[in-house]
Amino acid sequence: MDFPMFHLDWLNDRFLIAMIAIVHVFINHGLAVGFIPYITWLEQKGVKMAGASNITDPEWDHLVYRKMKVAFIITTTIGAMTGVGIWFSAGLISPSSIGSLIRVFYFAWFVEWLTFVTEVVLIMIYFLTWKQSNQSLKAKIRHIRFGWFLSVFSWITMCIIVSILGFMMDPGNWNTDHSLISGFTNPIYLPQLFFRTPTAMVLGGVFGMLLTTIFTDRHSAWRNTVLKYGARWVLCWAPVSLVAAVIYYKAMPAAMRENMSTAVGTMEFAQYYDLLRYIIPGAVSLVVMLGIWTLFRPRSVRMWMVLVPCVAAFGFLGIFERVREFIRKPYVIGGYMYSNLLREEDYPLFKRDGLLKYATYATASKVTPENKLSTGRDVFMLSCSRCHTTNGINSIVYVFERLYGIGKPLDENSMAAYIPNMHNGRTYMPPFPGNNEELGALVAYIKHLQQTGEPLEGAQSAGITVNPGNSTEQIADSVQSK
Amino acid sequence: MSYNYSMNHMLTLLQSVTPVPRDIPLALPLPEWLLVVLLVVSFLAHIIFVNLMLGGSLLTLWAQVKGLKNKEYDTLAYEIAKTITVNKSLAVVLGVAPLLSINVLYTVYFYSANALTGLMWIAIVPLVTAAFLLTYLHKYTWHKLEDNKGLHISILALAVLIFLFIPLIFLTNINLMLFPEKWGTIKGFMSALALPNVFPRYLHFLCASLAITGLFLFWYLGRNRYAFETHFKSITRYDIRKQLYSLALGVSVFQFVLGPLVLITLPAKGVQWNLIIVILCGATAALPAMYWMWKGITGKPEEIGMNFGKVIMAMTLTVLLMASGRHVYRSNALAPHKKLMAEKTKAFERLSAEARAHPAPDESTTAQASGTPAAPGAAVFQANCASCHKKEGRLVGPPVTEMVSIYQGNLPGLKKWIRQPGKKREGYPQMPGFPQLSEQELTILTDYILSVK
């Protein structure tokens, strides 16, 4: 309510963040955290296998180099920019929450930034000096050492990000003392880290095997050996990933698990939940099967045979991310700030005086019979628009029609009876923040939406209206009069 | 008292056009001055690599076009292109720290400007990604597209166009955040772009990019370790370095036209003596650097690099002072508004705390607390079920009378349904489960339901 509301009325605001974040996580886990150690390991193998007279086997080394080139190009373009993109999109859609998180986690993010800079410098050294380092054994060994440094730094970067993600799900003691350390030691941290590490390794390995099948033809000298090493790598990490997935699932706080089972209730989330149950064992066993098959019959491995488990493994991670995003609703910062960007502790004030009175941007600060539609739109923008559109994905008209009958005219009284209690039955939604008049305006607006299909433009195109009744003076006066 | 009055008066005046939002009510993680130092220094590191990325790609393009006639310049273009890979990665990663710091120091201003130009702001992500991919494509197809220079140069030209556009988006945002009084008039990126001062600052920035890149390449191609003679046959190290120095000097002279233009178009509200002094010092520091460059260009070939260290030192001072000037203007311009915002935040926190201590009576529970034995059960029903069930007739789910007829004498069955509802009726949505109700609440609720006649 203190920020102009950016709003994508068709795509849905959360969808934008989710899309960017998921691409970033895929690249970070699959092409950096899990991939670099795999590449470095193979590079090292090349030196060991070359015998005393050579530095490394040139053909083997070139194959590994080409794989690294793919990772280098993707991580330094799409990877880096989606990382920035998470910030940008969160700043647009959830400014109050990201603003609060940065204040609490400034140091963590600063340290994160330092490791991130180190990581970028190392990846440039590692990739751009690869060919020069092949001139002497000493340089090659130093180069391999850079590979290991890089692996460690990518992992540390992930550790810090995981702590922030974990915090957003369950802030532990942070609500009482608001300090950095308590945010860091939140209960979900280690399980999540433990899950991500082996899963990243599996992803990196399978992706590496995929590149092997693309870059070599079936008769080339090293194809079978490289594939077999990939298989060993994957087989070593896959069981750990499975165990870790189970532990992680169990460690999710009780409230969240309940939230998930409520989620099972609604049709759309039932799909995600089911997917989670099938895709974990499914993806892991596909990967294991691929690994075993490759160990015994490397010659028969084709590109598509690797592609399927590769997609499944990325899907495995993707679905976990999706559920993680979902189970922390109705909060963006557990127990502190709801997903509609309002603080839980301000609710009594909003209930008492109304939401619009304190909104910086609104067409009026009080609902009147004349301004019902425009204030209804303001209330919708402030309390529902982070998750609902008017007529696009997860549209407010559609969710109500699903309750009362598709195509039937919506009834304002039924909606007004539903909304104040919706957080009890649908625990993924925050409670309605406004007073009764605002509730009336909101349902009138929703009905109007159903009748007209009117779109809702965000601040990025419609601009803002400064609330005429919201001045510092008035607030100061009302404090004095108490 | 009179101060208070005039303060209040000013507030009302300001308020009629200017939004005064509340700040994030959490303490800053570090003392403000330290955050400011971090912001200015880390921004400088970031912008220098942005300059090198942009200037580098412009010069690559220039050299490659020139290389169509003179093959040596094509080689030069390739040598410059190699530096872009590194500089662009550093530009991005070094951008994170200033982004963090500006987010903390100017949370409300920065995010508000972002939202008001939202689509273009988020377009930065795909645009920069595309430009980066194009520069890789350009670099890694240099030999493959040897016979198709037109296509090869177009790839780079496209990347350059994007690189030229991106700073405009950033500048528009950084500019817009300084003027809350204008926010109400902004409808999308284009109207924010049209605010005065954006284009003069943009040109100022472009010239800085060329100057800094000129100096960087002067050093890079002039290093002893750089085997110039193995790459180039006809042009000499001196030729190239002279051209680069001339570029840096030329645009620096031009900055003395652009700089005053930027200052004049700057809205007056942040222009104070402290700003003028900082900026004038910055400009003065550039003068000796320009003199040394001039001497290098006109002097003996073997002495062209003699004063380079001094040039860099003077220019660093200029850049530092200019960056500080930016910040001085920002803090001058926003100081009154920040004060208003702080007051409003404080007042709101007080109100909120007070409302927390004395919450308004909850209408739904008071309505039910009227003596009858079923009252507590009715309250639970009201809070959890009434949105979908009423006594008679369908709301979302079936009426209470229907529940009674199904579950009369089957209390456990009713409880089980409430905790974990199944799916029965055609054309009804799924009822949510209520595992969060305590056993006691569940008991009074079901007693109440079954008592309904």
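Predicted model: local features only at pLDDT ≥ 70, side-chain atom pairs only at ≥ 80, totals over all residues.
B:Glu79 belongs to helix H3 of chain B, and its side chain makes a polar contact of 2.7 Å with the side chain of B:Tyr226.

In chain A, a salt bridge joins the side chains of A:Asp61 and A:Lys140 at 2.8 Å, N to O. A:Asp61 is part of helix H3 (residues 58-93) of chain A and A:Lys140 is part of helix H6 (residues 137-169) of chain A, so this pair ties together parts that are 79 residues apart in sequence. A:Asp61 and A:Lys140 are both buried.

A further salt bridge of chain B is formed by the side chains of B:Glu402 and B:Arg425, at 2.9 Å from N to O. Distant parts of the chain are again linked: B:Glu402 is in helix H16 (residues 400-407) of chain B, and B:Arg425 is in the loop between helix H17 (411-419) and helix H18 (439-451) of chain B, 23 residues apart. B:Glu402 is partly exposed, with a relative accessible area of 29%, and B:Arg425 is likewise partly exposed, with a relative accessible area of 22%. Salt bridges with shared partners also join A:Arg343, A:Glu345, A:Asp346, B:Glu349 and B:Arg356 into one network. Over all chains, the structure holds 23 salt bridges.

Contact between the two chains involves 90 residues of chain B and 87 residues of chain A. The area buried between chain B and chain A is about 7700 Å², and carbon and sulfur atoms give 70% of this area. B:Leu26, B:Leu100 and B:Tyr111 together supply 9% of the area that chain B buries against chain A, more than any other three residues. Across this interface 5 salt bridges are found, and one pair that meets between the chains is B:Asp23 with A:Arg103, whose closest N and O atoms are 3.5 Å apart. The count of residue pairs in polar contact between chain B and chain A is 17.

On the side of chain B that touches chain A, the elements that give two or more residues are helices H1 (2-17), H2 (32-67), H3 (71-105), H4 (107-116), H5 (118-140), H13 (308-357) and H15 (375-384) of chain B. The largest share of this side, 15 residues, comes from H3(B), the helix in which B:Glu79 lies. Divided by class, the side of chain B that touches chain A has 55 nonpolar, 22 polar and 13 charged residues.

Chain A has 21 helices and 2 strands, and buried residues make up 63% of its 482 residues. Of the contacts in chain A between residues at least 6 apart in sequence, 77% join residues at least 24 apart. For residues 371-450 of chain A, an unreviewed UniProt entry gives the annotation "domain: Cytochrome c". This span is 59% helix and 0% strand, and its end C-alpha atoms lie 18 Å apart.

Two residues were noted for their backbone angles. Most residues other than glycine have a negative phi. A:Leu341, however, has a positive phi, near 75°, and is found in the loop between strand S2 (337-338) and helix H14 (347-353) of chain A. With a relative accessibility of 7%, A:Leu341 counts as buried. In chain B, the phi of B:Asn197 is also positive, near 90°, and this residue is found in the loop between helix H8 (189-193) and helix H9 (198-222) of chain B. B:Asn197 is buried, with a relative accessible area of 2%.

Terms used: Residues numbered from 1 in each chain as written. Chains lettered and ligands numbered in written order. Heavy atoms only, no water. UniProt positions renumbered as here; feature names shortened; annotations may be inferred. Helix = DSSP H or I, 4+ residues; strand = E, 2+ residues; numbered from the N terminus. Contact = heavy atoms within 4.5 Å. Buried area = accessible area lost by both parts, 1.4 Å probe. Salt bridge = Lys/Arg side-chain N within 4 Å of Asp/Glu carboxyl O. Polar contact = N/O pair within 3.5 Å; in protein donor to acceptor, adjacent residues only side chain to side chain. Nonpolar A, V, L, I, M, F, W, Y, C, P; charged D, E, K, R; others polar. Buried < 20%, exposed > 50% of the residue type's maximum accessible area, 1.4 Å probe, protein only.
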